[in-house]
Every structure is written in structure tokens, then in C-alpha cells.
Amino acid sequence: DFDWTKNERSSFYYGTFPTGFSWGAGTSAYQTEGAWNIDGKGISIWDVFAHKKGKIFSNDTGDSSCEGYYKFKMDIVINALSGEHINEKGIKYYDELINMLLENKITPVVTLYHWDLPQVLQEKYGGWQNVSMVNYFNDFANLCFERFGNRVKYWITFNNPWSIAVEGFETGEHAPGLKLKGTGAYKAAHHIIKAHAKVWHTYDVQWRSKQKGLVGISLTADWGEPVDITNQRDIEAAERYIQFYLGWFATPIFNGDYPQVMKDYIGRKSGQQGLGASRLPVFSSQEKSYIKGTCDFLGLGHFTTRYVTQKNYPSGLGDSYFTDRDLAELVDPQWPDPGSEWLYSVPWGFRRLLNFVKTQYGNPMIYVTENGVSEKMLCTDLCDNWRMQYFKDYINEMLKAIKDGVNVKGYTAWSLLDNFEWDEGFSERFGLYYVDFRNKNKPRYPKASVQFYKRIISSNGFPNQREVESWKRKSVETCSSSNQLLAADPLIGHMEMVTEIVVPTVCTLCILLSAVFLMFLLRGRL
Ligand SMILES: CCCCCCCCCCCCC/C=C/[C@@H](O)[C@H](CO[C@@H]1O[C@H](CO)[C@@H](O)[C@H](O)[C@H]1O)NC(=O)CCCCCCCCCCCCCCCCC
């Protein structure tokens with residue numbers, strides 16, 4: 001029952017965050033680094049998936065993306081303003097990245113798995129469908145603790161396992177692109193939870209006393225609001241929506257087992273389908289106690305909200321994660337929807353979700369690891385009013401949640417740069433910085449939201465109405481000059497073409513012609 005949060009749904013709360021609150025901006029490897037086959041890097045499931053025709057919007061790939069592998073030094077400066085063998089070149093890249101972050105007084109928060117499994121593990125074992133991934137992932141994590149743990153104190157095992165499981169193994173829209181409906185996602189999630197727990201224990205036993213760091217997991221979830229808050233069936237459907245989203249991973253990790261409602265619904269439907277056992281795998285009692293409590297902090301990704309109502313799906317429709325939930329998702333057409341089809345701006349849902357985490361999982365320490373909004377590909381306007389509004393309202397709801405007693409310690413905007421947006425390729429832009437992907441140098445241009453977010457950070461919140469109301473205007477003032485620079489970019493691209501192609505070609509031709517002319521002269525003399 002979160003009805004009480006409605007009182008302040010539309011009222012803005014002026015105030016600041018607790019001292020020491022952390023602010024950041026996130027990126028991920030496959031989405032930004034590029035250099036997909038450079039320096040001995042192995043091939044991942046996303047390299048293979050994106051190279052298949054028709055999987056990604058416009059057949060985009062992350063092959064070069066933002067060229068972050070080469071340009072990370074520059075990205076840290078802009079941020080500061082606000083397998084079978086060990087690839088030593090890869091280690092060196094991350095060594096330098098971490099060192100440079102620290103030199104710029106930025107605390108690295110490292111995610112070990114943001115979706116790019118080595119392709120060899122997919123081909124040999126079926127990837128996350130196979131329990132052997134638990135040990136492979138643990139070996140990889142152990143190597144990272146060994147090589148980087150003297151400097152990295154915040155580790156996130158998995159980013160958004162819901163997407164890994166559902167989009168990778170149920171809808172097949174993400175790598176590895178499998179549609180194992182009604183079973184694949186549950187199996188992948190089961191192995192991911194075990195892998196997370198094993199890595200947490202490895203850190204706890206082997207590294208914690210020396211390195212004194214923390215290990216968590218980053219879970220992404222929408223808020224689900226009952227369509228009719230007086231209707232018990234809608235209330236229960238909304239509860240199921242969240243349990244099948246966040247609870248699927250959070251309940252085993254905090255309480256030791258899957259949510260009862262998942263066990264009940266999937267078990268009952270499996271029975272109706274004539275299966276001898278539930279499609280939801282089962283943890284042994286040993287596993288339950290091994291998994292329970294393996295979270296020093298909870299990373300939380302949150303973007304949007306849905307209205308939820310009860311809807312029965314008869315078992316004859318076939319197995320599916322979606323039909324297992326017996327609910328329908330709705331959106332209010334009035335909600336702003338600037339970019340991605342699935343992303344509506346509903347700030348009050350964020351406060352409710354945070355309060356849900358507090359009450360369900362014993363008020364854990366939370367770091368918000370992803371929150372942000374996109375715009376469509378063709379939008380080259382750097383004065384991104386809708387993003388400033390989104391950040392202002394969502395961050396304000398987070399502040400209200402802290403006042404409610406939720407233990408939020410830090411916030412990370414998604415994302416630092418426009419990048420490869422998975423199956424949407426480069427057509428959806430989440431960045432604080434615009435990246436010109438048409439230009440091979442991938443130049444970055446600050447959007448107005450950079451200035452806006454910096455103002456929130458330097459004030460550690462929203463000090464007073466007069467000041468906060470001036471921020472948007474001031475931020476927009478700065479972005480018009482960036483707009484002009486971006487507008488001139490085709491010209492810069494043209495000039496580059498002149499210097500890099502036309503000039504060398506003309507020079508080569510001149511040399512050739514001179515040689516021919518010389519030969520001609522010499523022949524005449526002889
Ligand atoms: C019988 C009923 C069948 C219903 C079938 C419905 C299928 C719905 C599929 C649901 C898709 C929801 C996708 C949302 C995912 C996000 O939570 C996730 C967040 O992860 C982070 O996101 C960053 C930005 O996207 C990203 O850059 C970062 O790396 C990542 O960590 N985002 C993603 O997974 C990215 C891809 C999402 C692509 C989803 C396309 C599906 C489009 C479906 C449109 C649905 C429209 C909903 C309208 C309202 C319904 C009433």
C-alpha cells in the first residue's frame with residue numbers, strides 16, 4: 001500500500017541530499033568501447049548477434065560504437081567536469097581506465113557482466129542455460145578482484161539480469177537471440193543467481209579482509225501500479241508484476257528463495273500443461289542458505305512505470321514468462337514518451353519502487369545504477385528539455401524516498417554518452433553527451449542536461465525554488481553554442497575528407513606525373 005505517496009505526486013520537494021551522497025554517470029563495455037576485434041579481444045555473443053542481418057535496427061553494430069577503447073581518457077576528462085587465456089592488453093586498458101578515474105577523483109564502480117558473454121562459452125555450453133557458467137564467471141571475477149581489487153572497492157556482479165534472461169532467452173531480441181519460451185529465462189536466471197552468490201562468497205572469503213570492498217548486484221525494475229487501487233485483483237496483479245521483475249532476483253538474494261507468488265503461479269501452470277515439475281527451477285535448502293544475504297548493496301536500475309490489471313491467460317496458449325504472470329500492462333497516454341517505445345516518464349513510480357525495496361528486503365543500502373531517458377535518432381537538438389525535466393523529477397522523487405527512510409547512497413545517470421542501444425542500434429540516444437556517429441572520430445557534444453545535472457550535483461539536490469527554476473534557462477544558454485558546433489560537423493567531416501583523402505591522392509598523382517615527366521625528359525636526352 002503506497003497510496004500515501006500520492007499526496008506529494010505533483011508537488012516538488014526542495015531540499016538537499018545527505019552529506020557524502022554519490023553522483024555519477026554510467027557506461028557499459030559493449031555499448032561504448034568499439035574495438036571489437038582489436039588487441040586480441042575475444043568475440044562475445046553481442047558481436048555475433050549484431051553481425052547477423054536483421055537483428056538490430058538499421059543493422060548497426062557495436063564494432064566501433066563511441067570508440068571508447070581509444071577515447072576513454074577524453075571521456076574521463078568530460079566526466080570529471082561533473083577465457084582461456086588472459087588478454088594482457090585488455091587488462092592494461094582497464095588498468096589505465098581505473099587509474100585515470102582515480103586520478104580524477106572519480107570512484108570506479110565496476111560491473112563484471114553487462115551482457116557480453118564470450119561467444120565460445122555460448123557455443124560450447126549454451127551460455128547461461130548451462131550451470132557450468134557459474135564456475136567460469138567465478139574464475140573471471142576472481143581474476144578481476146586479483147588484478148583490480150586494490151583500487152576498485154565497489155563491484156557489481158550482473159547488470160539487469162532480467163534483460164539477460166527475458167530478452168536473451170524468452171523474446172530472443174537480445175543476444176544470444178534464443179526463444180526458449182517459458183523455460184529459458186527461468187533457467188538462465190537460476191544460473192545467474194547462483195553465479196552471483198558464488199562470486200560474493202569468493203570475495204568474502206578470499207579478498208574482503210585485504211581489499212575492504214563491497215559486492216552487490218544491479219537489478220532493474222519498473223514500478224507496477226494497480227489500475228484500480230480499490231480492486232483486490234488489480235492490487236495482486238501489480239504485486240505479481242513487481243515480484244516477477246525485481247523479486248525474481250532480489251527475493252532469493254535477500255530472503256533465500258524465489259517469491260512465493262512465482263512458485264505458485266508457474267507451478268500451477270506447469271501442472272495444467274501436464275508437466276511433472278514446475279518450469280521454475282528449485283533451489284536446494286543448502287543453496288538457499290548459500291544464496292541468502294549475498295548482497296553488500298543493491299544496485300537499482302529504474303526507467304519507467306506501468307499500470308497493471310488482472311488478466312487470465314489459459315494454459316492452452318503455450319508456455320511463456322509473460323503469460324505466467326496473468327496480468328496486462330497499460331500506460332497512460334498522457335505520460336511523456338520522448339524516445340524509446342517502452343519508456344514513459346512517471347517520476348512518482350520511482351519513489352514507490354524505492355519504498356517497496358525498503359519494506360521487502362530490510363532497507364538495504366541502495367545505489368541507483370541506471371536512470372535516464374532517450375530521444376530518437378534524428379533529434380540533433382542538444383537543448384534537451386525533456387531530459388532535464390526527467391532528471392529533475394526522478395531525482396526529486398528519490399530525495400522524497402530518502403526522506404521516507406529509504407537508504408539510498410548514490411545515483412548514476414544513464415548514460416554518460418549516446419551509445420549502442422542494443423537491438424535499437426544507434427537510433428535511441430540516452431547520453432548526457434551527444435556522439436556524432438557519422439563522423440569517424442565520434443566527437444562528443446554536451447547536451448544542456450550536462451549543465452543541469454552538474455548544478456544538481458554541485459548543490460547536492462534542490463536548495464530552493466528561485467535557484468532551481470533558473471537552472472533550465474542557464475543550461476539551455478550553454479547548449480546553443482554546442483548546437484552550432486554540431487551543425488558545422490558535416491563541414492568538419494568534409495574538411496577531414498579533404499585532408500585525409502583528397503590531399504594524399506593529389507600528392508600521389510603529382511609524384512607519379514613528375515616521375516613520368518622525368519622519364520620522358522631523360523628518354524629524349526638519350
Ligand atoms: C502475452 C503478453 C506478451 C507481452 C509481451 C510484451 C513484451 C514486452 C517486452 C518488454 C520490454 C521492456 C524492455 C525494457 C527494458 C529495460 O528495463 C532495460 C533496462 O536496461 C538498461 O537499459 C538501458 C536503456 O535501455 C540500456 O542502455 C542499458 O544497457 C541497460 O542496462 N532496457 C533494455 O533492455 C534495452 C532494450 C529494450 C528494448 C525493448 C524493446 C521492446 C519494445 C516493446 C515495446 C513495448 C511497448 C510498451 C507499451 C506499453 C504496454 C502497454
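**Reading the cysteines, pocket and strands**

Q: In this predicted model, what makes Cys144 count as buried?
A: Cys144 has 7% relative accessibility. Buried means under 20%. Cys144 therefore counts as buried.

Q: Is Cys295 buried or exposed, and what makes it so?
A: The relative accessible area of Cys295 is 13%. The cut-off for buried is under 20%. Cys295 is therefore buried.

Q: What is the volume of the second largest pocket, and which residues are closest to its centre?
A: The volume is about 720 Å³. The lining has 32 residues, and Trp162, Ser163, Glu167, His174 and Trp342 are the closest to the centre.

Q: Which elements give two or more residues to the lining of the second largest pocket?
A: These are helix 7 (161-169) and helix 9 (232-255). Helix 7 gives the largest share, 4 residues.

Q: What is the strand order in the open sheet of 7 strands?
A: The order is 2-12-10-7-5-4-3, and the pairing is parallel.

Q: Why do strand 2 and strand 3 stand at the edges?
A: Strand 2 (22-26) and strand 3 (109-113) each have a single partner strand, so one side of each is left without a neighbour in the sheet. From one strand to the next, the twist averages 25 degrees.

Q: How do you know that strand 2 and strand 12 pair?
A: Pairing takes at least two bridges. Strand 2 and strand 12 (residues 408-414) are joined by 5 bridges and run parallel. Ser22 stands opposite Gly410 in strand 12.

Q: What makes both faces of strand 6 covered?
A: Trp223 and Glu225 lie on one side of strand 6 (residues 223-226), with Gly224 and Pro226 on the other, and all are buried. In a regular strand the side chains alternate between the two faces of the sheet.

Q: How many bridges join strand 6 to strand 8?
A: There are 4, and the two strands run parallel. Trp223 has Thr305 in strand 8 (residues 305-310) as its bridge partner.

Technical notes
Residues numbered from 1 in each chain as written. Predicted model: local features only at pLDDT ≥ 70, side-chain atom pairs only at ≥ 80, totals over all residues. Heavy atoms only, no water. Buried < 20%, exposed > 50% of the residue type's maximum accessible area, 1.4 Å probe, protein only. 1 Å grid on protein atoms, 1.4 Å probe; cavity = no way out; pocket = protein on both sides within 12 Å on 5 of 7 lines; lining within 4 Å. Points joined across faces, edges and corners; volume = space filled by probe spheres on them. Axes fitted to C-alpha atoms, helices over the stretch in contact; angles between N-to-C directions.
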